[in-house]
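The tour makes a few stops, each beginning with a selection.

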Amino acid sequence: HGMEKLMKLVGPSFTKEIFFTARTDFSAQDALRMGLVNQVVPKAELEAFTRDYALRISRNAPLTIRSAKTTVETLLRPSGERDYALLDKLIADCFNSEDYQEGVKAFGEKRRPVFKGR
């Protein structure tokens, strides 16, 4: 299963390269190109980047973040194991939430929304 997971992550070409060459000295740019990491930043900028990135995520609606996380995890499963009813419920819950209304209102008022997770 490990090779299957790797292939889903980096694709068949990079999976073959990794196993055929037994190479272990991949650079940060190699990891970025393969899709093993999403970002590469200089070490001196890492703390600020991480703080800003976490802040950006934290400003979003918690229900939406949780729903997106569950949706991605569900879609990674084989199709027969996916709970589409749950995904539909998560979407409906987001659109019916106080946070959604706050987001719409804040957008109209050109201000940052204040989400409460409900």
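Exposed here means over 50% relative accessible area, buried under 20%, and partly exposed in between, with a 1.4 Å probe and protein chains only. The model is predicted: local features need pLDDT of at least 70, side-chain atom pairs count only at pLDDT 80 or more, and totals for chains, interfaces and linings use all residues. Residues are numbered from 1 along each chain as its sequence is written, and side-chain values use heavy atoms, with hydrogens and water left out.

Select K110 to begin. This residue lies in the segment after α6 (98-108); helices are DSSP runs of H or I with at least four residues, strands runs of E with at least two, numbered from the N terminus. K110 is exposed, with a relative accessible area of 78%. Its phi is positive, near 55°, and the residue is not a glycine.

Now select α4 (residues 62-75) and α5 (residues 84-95), which pack at about 165° with axes 10 Å apart. Axes are lines fitted to C-alpha atoms, for helices over the stretch in contact, and angles run from 0 to 180 degrees between N-to-C directions. The angle makes α4 roughly antiparallel to α5, a term for angles over 145 degrees.

Finally, show side chains at the contact (heavy atoms within 4.5 Å). Residues of α4 including L63, S67 and T74 meet residues of α5, among them Y84, L87 and C94.

Terms used. Angles under 35 degrees count as roughly parallel, over 145 as roughly antiparallel, 65 to 115 as roughly perpendicular and the rest as oblique.
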